[in-house]
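Colleague: I'm new to this one. Can you walk me through it, starting with how you name the parts?

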Amino acid sequence: MTHLITMDLHQKEIQGFFDMPVDNLRAAPFLINYIEHKIPDYRNSVIIARNPSQAKRATAIAERLRLGIAVIHGESEKERESELDGRTSPPSTVLKPTLESRKSVFQLPNLAFPPRINPKEKLPMDVVGDVSGKIAIIVEDMIDDVEAFARAADVLRERGAYKIYVMATHGLLSSDAPRVIDGSNIDEVVVTNTVPHEVQKIQCHKIKTVDISLLLSEAIRRIHNQESMSYLFRDITAED
């Protein structure tokens with residue numbers, strides 16, 4: 001192997017683990033094109049970051065579409081309950097030392113530590129930004145745990161979003177994803193065909209596909225003919 005082509009790596013730093021040229025292509029222009037041509041009244045949309053770590057990606061897409069952005073933070077009630085199984089570390093309180101068995105002529109101060117807040121504890125899931133009466137478009141690089149997106153869609157619906165899209169490059173859609181999507185507040189899940197999902201599309205009509213085969217074939221052609229790859233990155237920002 002002398003050259004590697006990837007698509008939207010979860011972390012760009014992964015390219016450094018290979019001892020060969022790596023071209024990490026981006027699907028953002030294809031997803032933006034879908035928004036512009038397949039979502040009616042997309043000008044009334046808000047780009048949603050499902051968590052603060054996705055804010056940069058959401059901002060990059062929102063700026064190109066000249067749309068607003070909102071960020072979901074916190075966690076749902078179900079996620080908070082899952083941490084109450086005794087495995088949370090560090091413990092929520094510190095054990096008080098006992099000094100009754102120790103004798104001294106001096107009066108020792110109280111060495112008991114006050115209870116402290118568990119650093120893993122998060123606020124309830126909420127939305128920072130206005131989504132009332134708007135189309136909410138959640139953008140991610142990968143969709144695997146569909147239930148997390150369904151919970152985010154519930155919060156967006158409660159805050160007044162009248163239509164909810166989920167868009168990502170890689171649609172793993174594992175387990176019972178089609179059933180969860182079909183029964184959720186998500187109106188449409190849009191993914192590229194980097195991962196085969198024909199069976200899931202048959203099971204759920206909400207799943208839509210954006211074809212990126214043209215981008216991959218053009219990349220292969222340019223590498224084979226030793227042509228510049230810069231043309232394929234002309235619409236790409238540092239945050240994509």
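Colleague: What should I know about the model and its numbering?

Modeller: It is a predicted model, in which local features need pLDDT of at least 70, side-chain atom pairs count only at pLDDT 80 or more, and totals for chains, interfaces and linings use all residues. Residues are numbered from 1 along each chain as its sequence is written, and side-chain values use heavy atoms, with hydrogens and water left out.

Colleague: Back to S184. Buried or exposed?

Modeller: S184 is buried, at a relative accessible area of 15%. Buried means under 20% relative accessible area, exposed over 50%, and partly exposed in between (1.4 Å probe, protein chains only).

Colleague: What lies 3.2 Å from a polar atom of its side chain?

Modeller: The backbone nitrogen of I186.

Colleague: New topic. How many salt bridges does the structure hold?

Modeller: The structure holds 10. A salt bridge is a side-chain nitrogen of Lys or Arg within 4 Å of a carboxyl oxygen of Asp or Glu.

Colleague: Which residue does R159 pair with?

Modeller: R159 bridges to D126, with the closest N and O atoms 2.9 Å apart. This pair links distant parts of the chain, 33 residues apart. R159 is in the loop between α4 and β7 (163-171), while D126 is in strand β5 (residues 126-128). R159 is partly exposed at 35% relative accessible area. D126 is partly exposed too, at 27%.

Colleague: And which residues are linked in a network of salt bridges?

Modeller: E218, R221, R222 and E227. E218 meets R221 at 2.8 Å, N to O. The side chains of R222 and E218 also form a salt bridge, at 2.8 Å.

Colleague: How accessible are R222 and E218?

Modeller: R222 counts as buried, at 12% relative accessibility. E218 counts as partly exposed, at 22%. R221 is partly exposed as well, at 34%.

Colleague: Switching to rings. Which ring has R50 over its face?

Modeller: That of F149, with R50 at 4.4 Å from the ring centre. The charged end of R234 sits over the ring of Y231, 4.0 Å from its centre. A charge sits over a ring if NZ of Lys or CZ of Arg is within 6 Å of the ring centre and within 35 degrees of the ring normal.

Colleague: What about F17, where is it?

Modeller: F17 is in the loop between β1 (4-7) and β2 (22-25). F17 is exposed, with a relative accessible area of 74%.

Colleague: Last one, D145. Where does it sit?

Modeller: D145 is in the loop between β6 (135-143) and α4 (146-158). D145 is partly exposed, at 46% relative accessible area. Its C-alpha atom is separated by 7.6 Å from that of S174, 29 residues apart along the chain.

Technical notes. Helices (H or I, at least four residues) and strands (E, at least two) are DSSP runs, numbered from the N terminus. A polar contact is a pair of N or O atoms within 3.5 Å; within protein, one must be able to donate a hydrogen and the other to accept it, and residues adjacent in sequence count only if both atoms are side-chain atoms.
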